[in-house]
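What follows is a walk through one protein model, taken a few residues and elements at a time. Please keep the sequence and the structure in view while reading.

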Amino acid sequence: MPKVLVLYYSSYGHMEQMADAIAEGARGAGAEVDIRRVPETAPQAVIEAAGFKTDIAHLVIEGPDALKNYDAIVVGSPTRFGRMASQMASFWDTAGGVWATGGLNGKVGAAFTSTATQHGGQETTQFSIITNLLHFGLTIVGLDYGYAGLQGVKEVHGGSPYGASTLADGDGSRQPSQVDLDGARYQGRRVAEVAAKLFG
């Protein structure tokens with residue numbers, strides 16, 4: 001049974017929902033899954049002024065050394081100007097010791113994200129996450145076209161070959177759709193299946 005970590009940052013709850021769906025998909029494939037979030041680094045005044053969601057259920061990750069306990073790590077961050085949020089980047093910036101010892105070499109990695117708009121940088125954000133994971137030695141699993149929800153234009157939806165995603169709208173009012181959440185479940189399942197083949 002592979003051990004999967006879903007590690008994310010969420011300001012308004014969209015990434016929290018996607019993390020739960022990723023975990024659901026991985027568990028459905030037989031994986032043992034933990035969901036953790038990275039520490040909030042924004043000042044309290046910014047959190048209050050922006051109306052960040054503060055009642056997030058998942059625990060904060062114990063620190064970068066905890067990453068070594070998993071066979072697969074699925075990383076989710078909302079987009080900040082076409083790249084991962086500073087909160088997520090800051091966490092990975094503390095993981096130099098893990099990198100130096102090759103602690104994540106050969107593990108499975110994946111990325112998921114959210115943006116306000118359809119062209120708000122989903123793919124570049126996923127690549128910013130994937131680039132980090134590749135530098136740490138992880139083997140990347142995307143959201144392949146075996147997931148039929150990537151096809152079609154009849155409704156607005158997230159998702160790309162690089163990972164699951166959702167759209168929040170500029171005011172955060174749009175919640176992840178069934179297509180978005182199903183894509184996250186599919187990707188979570190694929191991560192667990194690949195990890196099982198590598199480490200089972």
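Two strands pair if DSSP finds at least two bridges between them. Helices (H or I, at least four residues) and strands (E, at least two) are DSSP runs, numbered from the N terminus. This is a predicted model, in which local features need pLDDT of at least 70 and side-chain atom pairs count only at pLDDT 80 or more, while totals for chains, interfaces and linings use all residues. Residues are numbered from 1 along each chain as its sequence is written, and side-chain values use heavy atoms, with hydrogens and water left out.

Begin with the strands. S1 and strand S2 (residues 32-37) are parallel and pair over 6 bridges. Within this pairing, Lys3 has Glu32 of S2 as its bridge partner. Together with H1, the strands S1 and S2 form a right-handed β-α-β unit. A crossover is called right-handed if, with the strands pointing away from the viewer, the path from the first strand over the helix to the second runs clockwise. S2 also runs parallel to strand S3 (residues 59-60), and 2 bridges join them. Here Arg36 stands opposite Leu59 in S3. From S2 the chain passes through helix H2 (residues 44-50) to S3, in a β-α-β crossover that is right-handed.

Next comes the loop between strand S1 (3-8) and helix H1 (14-28), where Tyr12 is found. UniProt, in an unreviewed entry, places the feature "binding site" at Tyr12. UniProt positions are given in the numbering used here, feature names are shortened, and annotations may be inferred rather than shown by experiment. For accessibility, buried means under 20% relative accessible area, exposed over 50%, and partly exposed in between (1.4 Å probe, protein chains only). Tyr12 is partly exposed because its relative accessible area is 42%. Contact means heavy atoms within 4.5 Å. Not counting residues up to four places away in sequence, Tyr12 touches Ala50, Gly51, Phe52 and Lys53. A polar atom of the Tyr12 side chain lies 3.1 Å from the backbone oxygen of Ala50.

Ser11 is also found in the loop between S1 and H1. Its relative accessibility is 3%, so Ser11 counts as buried. Leaving aside neighbours within four places in sequence, Ser11 is in contact with Phe52, Lys53 and Arg80. The side chains of Ser11 and Arg80 make a polar contact (2.6 Å). A polar contact is a pair of N or O atoms within 3.5 Å; within protein, one must be able to donate a hydrogen and the other to accept it, and residues adjacent in sequence count only if both atoms are side-chain atoms.

Trp99 lies in helix H4 (residues 96-100) and counts as exposed because its relative accessibility is 53%. Apart from residues up to four places away in sequence, Trp99 touches His135 and Phe136. Phe136 sits in the loop between helix H5 (122-135) and strand S7 (139-140). With a relative accessible area of 8%, Phe136 is buried. Not counting residues up to four places away in sequence, the residues touched by Phe136 include Trp92, Ala95 and Leu104.

Finally, consider the backbone. Most residues other than glycine have a negative phi. Phe81, in the loop between strand S4 (72-80) and strand S5 (83-84), has a positive phi near 55°. Asp169, in the loop between strand S8 (163-167) and helix H6 (178-199), has a positive phi near 70°.
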